[in-house]
Every structure is written in C-alpha cells, then in structure tokens.
Amino acid sequence: MNLRYPAVPLVTHTPYFNIWSMDDVPNRKPTCHWTGRPHPLTGSLRVGNHEYGFLGETKHRLMRMVSLEVTPTSTSYVMECPEAQLTFCFTSPLLLNDYDLLSRPVTYLSVTVTGRHGRKLSDAVIAVTADGSLCLDHPGDSPVEYRPVSGKNYTAGTLSNVEQKVLNRSGDDVRIDWGTLYLAAGQGGSVTCEETETGSRLKAEAKISDGQEVLFALAYDEVKTVQYFGTDLDPLWKRHHNSMPELLETAFTQYDSIKEKCFAFSKELLEEAEKAGGKKYAQILAAAYRQTIATHGICADGNGNILFVSKECYSNGCAATADVSYPSIPLYLLYNPELVFGMMRPIMRYAASPAWPFDFAPHDAGQYPLLNGQVYSNGTDPKNQMPVEECGNMLLMTAAATLASKDDSFAEKHWELLTTWAKYLRQNGLDPENQLCTDDFAGHLAHNCNLSIKAILGVAGYGVLLKRQGKEQEGGEWLETARSMGKQWLEAAGNGDGTYRLAFDRPDTFSLKYNAVWDALFGTEIFPKGTWNAELQSYLARRNPYGTPLDNRAGYTKSDWLVWAASMMESDAAFREMIAPLWDAYNEMPTRVPLTDWYETENAWQVIYHDGEGWPVGFQNRTVQGGLFMKLLIDRGLSR
C-alpha cells in the first residue's frame with residue numbers, strides 16, 4: 001500500500017525556494033509555498049484541439065492521475081487523458097555528500113508522453129508556467145520585471161521584484177521578495193512572459209513527440225543566503241559557478257548523469273530503509289528527505305567553513321536553533337557529518353562573543369535569514385532560556401559528529417565552550433530546575449526525567465571526546481561521573497514497575513525517553529543493559545490509533561521522538577509495530593501540509609495554534625524530520 005502524502009514535494013532547495021502540491025492530485029489546486037500560501041506552477045498538454053492541465057490550477061480540462069511515486073530526490077506523476085499518457089517528474093538533486101549539487105538551487109522538471117489507443121503523438125505541446133508571486137512575499141506587493149536569458153542547450157526567462165532589498169527582513173510566515181526566479185526550457189523550447197489578471201508569469205513551451213522526454217528547470221538566485229553577524233554571505237553554489245546562467249548551462253549538460261546519481265542514491269536509501277523498518281518506514285523517509293534538507297540555507301563563513309543554517313519553520317522562524325538541529329542530525333550523521341558541524345558553527349560563534357552572558361549554550365543565533373544573535377526569550381532574558389537542553393544538545397551533537405566523521409578538529413577548536421557546558425550539566429543537569437526543554441510547547445517543567453537523561457549523556461559525550469583526544473584517565477572520570485548520575489536517576493525516576501516518570505516528583509507518570517538513544521550509539525553503557533525493556537514495552541501499550549503520546553499531559557506526539565524511542569526497541573518487529581501508527585497518521589492526516597512533526601494521536605490532526613497575526617499555523621516543513629532516519633543510524637552505528 002502506498003502512502004497518501006499529506007503534501008507532495010515538488011521544488012525543494014531553501015526555506016524560500018520551496019514549492020509543494022497539497023492535494024491528492026497535482027492538478028486540482030494551486031501549488032503552494034511550504035507556508036501554505038500560493039506559489040503557482042502550472043503544466044498543460046496540448047494535443048490537437050484539446051488542452052489538458054496536469055499540474056496546478058488551470059482553466060483546461062483535467063488529466064486523470066494514474067500514479068504517484070515519491071523518492072528521496074524526485075516526485076513522479078503519471079497522468080492520462082483520452083489521447084495520451086503523460087509522466088512528469090520533479091528532481092531536486094540534494095545529494096548530501098556533493099556540495100556542488102546540494103547547493104544548486106535548480107530543480108529539473110522532465111516530461112514524457114505516449115499516445116493511447118494506438119495513437120502516435122507528433123504534434124503535442126507541453127507548457128509550463130511559473131507565477132511572478134514566486135519572487136514576492138504576497139502577490140501584487142510590487143511590480144516584477146522580465147528578462148530573457150539564453151545559454152548553451154537552454155533558453156530561459158527571469159522575473160524579479162523591481163525593488164531589490166536583499167535580506168531586508170526576517171520572520172516566519174514570510175517569503176522571499178528579492179533575487180531572481182528562472183524558468184528554463186531545454187534545447188528546442190521557448191520561454192516568454194505573459195501578463196495575466198493577477199500579474200506577470202513565465203511560460204515555457206516545447207513540442208513533444210511520442211516517447212520523447214522534454215526537459216525544463218526552475219531555479220532561483222537568492223543573491224545572498226544569510227546575514228552572518230553583520231556580513232552578507234553568498235550561497236555556496238556561487239563558489240563553484242560565476243552566475244545562474246552559467247549554472248543552468250552546467251545543469252542541463254549534466255542532467256543525464258545527475259539523474260542516474262539520484263536514482264542510484266534513492267534506490268539504495270529506500271532498500272536500506274525497507275530492510276530496517278519495512279515498506280512503510282521507507283515511504284516515510286522518502287517523504288521526509290528533501291523536506292529536512294530544504295529548510296536550510298547552505299553557505300560558507302569568511303574562513304571557508306561550511307554553514308548549514310536551518311530555519312525553524314512555523315515555530316518562530318529562529319535560525320540555527322540548537323534544539324531543532326539536534327533532532328535532525330541522524331540523516332546528516334549518515335551521509336555527511338560535516339553538515340552537523342555546519343549547523344553548530346553559528347551557535348559557537350555567538351556563544352563565544354561578549355553578547356552572550358551565560359555559562360550555558362544559546363538557543364539560536366538569530367531569526368532566518370538574519371543571524372546577528374539570539375532572538376528567543378528576547379535574546380538574553382533569563383525567563384525562557386533552555387540551559388540544560390541546549391548544553392546537552394551541543395555536547396551530544398559534537399560527540400556524535402566527531403565519532404561519525406573521525407575528525408576531532410571542531411571539538412578541539414571549541415573546547416573551552418564545550419568544557420564550560422559539560423561542567424554546567426555536571427552541576428545542574430541531574431535534577432533540572434523549572435525550565436523549558438525542546439518540547440517548549442508543553443511549558444516549563446521542573447525535575448524533568450527525560451531532560452535529565454540528556455544532561456547525563458551530555459556529560460558522557462564530553463568523556464567520549466576526552467578519550468578521543470588521548471586523555472584516557474580524565475575521559476574515564478567523566479564517564480564514571482555520568483554513570484553515577486545515571487544510578488541516581490534510576491533510583492529517583494522509577495515508577496516501581498520498570499517504567500520511569502515524566503518528572504522525579506510525579507509518580508505514576510510517563511514520557512518518551514528518547515534522549516536515551518545516545519547511550520547505545522556511543523556504546524557507553526551509562527544505564528545498565530535492560531534498563532529500558534519495560535519502559536519501551538509500555539510505549540506499545542500506551543498507543544492511541546495514531547501513535548504513542550509524548551507524555552501523560554496531552555494526547556499529542558512528536559514524530560521525531562516517536563521514531564527515536566522506537567529505534568531503541570530490541571527487535572525490528574517491535575520497531576515496526578511502534579511506527580505503524582505514524583504511517584497511518586500521515587496516510588490519513590486531515591491537514592494537508594508538508595510533514596508535521598507535532599500532531600494528535602487520537603485523530604491525526606496537526607496541532608494548530610495562531611501566530612501573532614491570527615494566522616492558524618502548526619509545525620510543518622521542519623528540519624526535525626531528519627530524526628526519522630534514526631533507525632538507519634542505529635543499524636549502521638556511528639563509528640563505521
């Protein structure tokens with residue numbers, strides 16, 4: 001059985017260049033930006049005197065959808081009309097071990113047609129349009145201007161806001177209104193600009209014959225990726241290419257080889273996922289892959305170090321948030337641990353500056369795309385800081401990425417900060433005071449047992465780092481400290497039946513102890529073997545129709561934490577049993593948005609709240625879905 005995706009990824013590159021189909025079929029509603037605001041792309045097929053729409057909202061007759069296939073790097077639809085069968089495929093070549101491909105903001109759209117009922121097509125025309133609103137925050141905000149472009153093997157048109165104010169603001173429910181949109185057609189195609197009632201749009205056309213493939217591309221030059229402590233940084237693709245027209249030449253020339261690479265990578269990933277967790281797990285990962293990557297901007301700092309900057313989508317827009325990076329890292333530990341270091345560099349730079357007054361780690365480095373210092377909790381207001389949470393996150397991420405990369409240089413460079421945070425956890429982490437954790441939507445909580453686990457394993461992670469530096473005795477001492485803390489934790493957290501509490505002072509409560517997964521990954525045995533057996537079995541017993549709740553206070557759960565907890569199960573069968581309701585939730589979810597990570601386990605509704613302007617929003621399109629790859633990481637191991 002194939003997953004009915006809540007939303008289907010089409011164009012996935014950055015938080016700005018990010019377009020989805022939020023329907024069961026691709027040609028009934030307008031395509032949308034991840035925020036849900038319209039970002040219209042359309043596609044049509046003209047056969048003889050008839051014209052049919054296959055993508056987006058058009059005025060043409062609708063083709064019937066035959067099938068949909070989503071892989072980690074592509075989305076392919078098969079459509080039919082009486083005269084023809086048409087296949088169109090969006091491919092975003094986000095290969096994590098290839099910075100050139102990963103950073104290119106170019107999505108291919110390939111189209112093939114075959115005649116039906118013995119017909120051989122020779123006079124068909126494919127048309128693809130891209131609306132001018134793709135380069136505006138809201139349609140009609142400003143005039144846009146058109147410019148034709150041509151290059152080797154392609155022709156293109158561009159649209160851009162006439163008022164170019166690069167990196168002019170930050171925010172959550174915002175779209176880009178600077179830079180330039182490109183729509184390109186391969187050899188033999190044409191691109192023009194049309195004026196409609198709602199404004200300008202680019203239109204690409206190409207004649208197509210029976211069995212032929214025609215190729216289009218959508219691209220966006222954002223000019224600058226982020227402002228990094230006062231300096232505007234170029235997108236990483238500009239390190240390899242002088243201009244977007246030049247990049248498009250390369251992209252069209254390399255299409256065949258790139259398509260083969262994407263196919264091979266997707267096949268390998270899905271086979272590994274199916275072996276680890278079954279077809280349902282593989283389908284979930286296929287839906288999550290492009291989403292989690294495309295919530296980042298990728299660039300380099302002044303020293304050439306990679307920055308992989310996340311946007312906290314629909315949960316306040318913060319940039320480089322430590323507790324949003326933390327759940328996302330399993331995907332990146334699998335394929336390119338350097339990207340985990342790239343997530344942490346903004347936090348490290350800010351924490352080392354005089355602007356940060358605390359002896360614990362910051363929450364964020366700004367609000368995307370402006371990274372000029374923390375914005376959460378009004379920057380340095382103590383009220384809503386997450387001291388134990390963020391210290392634990394930074395230590396665990398550093399230890400995990402160091403083990404996966406076998407590269408100690410990041411830890412060595414930031415050793416003073418890591419030591420300060422490890423000491424903070426040793427002193428304050430075992431029994432956390434009343435404070436927020438990454439699940440801040442649940443409010444402040446004192447004596448948080450799961451947060452305490454994060455602190456204990458953060459201390460262990462520091463010990464692991466010490467040992468890697470050849471400091472065996474000191475590292476061993478820190479690991480013994482963690483084991484002592486773990487022993488105290490077991491004595492204070494138990495419910496008396498082998499399960500453990502939400503908070504030390506709340507008997508007969510529960511929560512998903514997802515942070516404990518690092519003990520197995522590090523091989524540190526901070527908690528004795530068998531510690532979690534009854535706890536994990538209780539998660540299966542507590543399941544609602546669409547998953548196990550995060551804790552006893554509410555019926556909602558988090559997809560990332562659900563998979564982390566499931567990955568600790570002793571058998572693949574138990575893992576599959578625990579995540580089956582997650583597949584059901586996405587398959588039946590009434591809310592049509594890019595995969596939400598926060599939803600109700602009783603009815604599969606996305607948890608909705610209202611932003612400052614009253615717009616109903618919920619967590620969606622967030623990078624934390626990289627955490628769904630945890631089972632693959634458990635199976636492979638960190639030190640491979």
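Contact here means heavy atoms within 4.5 Å. The views below show a predicted model.

**View 1. Packing of helix α3 against helix α4.** Helix α3 and helix α4 (residues 322-335) pack at an angle of about 110°, and their axes lie 12 Å apart. The two helices are therefore roughly perpendicular. On the α3 side, F265, L269, E272, Y289, T292 and I293 meet S328, L331, Y332 and Y335 of α4.

**View 2. Packing of helix α3 against helix α14.** Here α3 (residues 255-293) and α14 (residues 572-588) pack at an angle of about 0°, with 9 Å between their axes. Because of this angle, α3 is roughly parallel to α14. Helix α3 contributes E274, K275, A276, G277, G278, K280, Y281, Q283 and I284 to the contact, while α14 contributes D572, F575, R576, I579, L582, W583 and D584. The residues of the contact between α3 and α14 divide into seven nonpolar, three polar and six charged.

**View 3. Burial of helix α13.** Helix α13 (residues 559-567) is mostly covered, with nine of its nine residues buried. The buried residues are S559, D560, W561, L562, V563, W564, A565, A566 and S567.

View 4. T250 belongs to helix α2 (residues 244-253). Its relative accessibility is 19%, so T250 counts as buried, the cut-off being under 20%. When residues up to four places away in sequence are not counted, T250 touches R104 and H241.

How values were computed:
Residues are numbered from 1 along each chain as its sequence is written. This is a predicted model: local features need pLDDT of at least 70, side-chain atom pairs count only at pLDDT 80 or more; totals for chains, interfaces and linings use all residues. Side-chain values use heavy atoms; hydrogens and water are left out. Axes are lines fitted to C-alpha atoms, for helices over the stretch in contact, and angles run from 0 to 180 degrees between N-to-C directions. Helices (H or I, at least four residues) and strands (E, at least two) are DSSP runs, numbered from the N terminus. Angles under 35 degrees count as roughly parallel, over 145 as roughly antiparallel, 65 to 115 as roughly perpendicular and the rest as oblique. Ala, Val, Leu, Ile, Met, Phe, Trp, Tyr, Cys and Pro count as nonpolar, Asp, Glu, Lys and Arg as charged, and the others, Gly among them, as polar. Buried means under 20% relative accessible area, exposed over 50%, partly exposed in between (1.4 Å probe, protein chains only).
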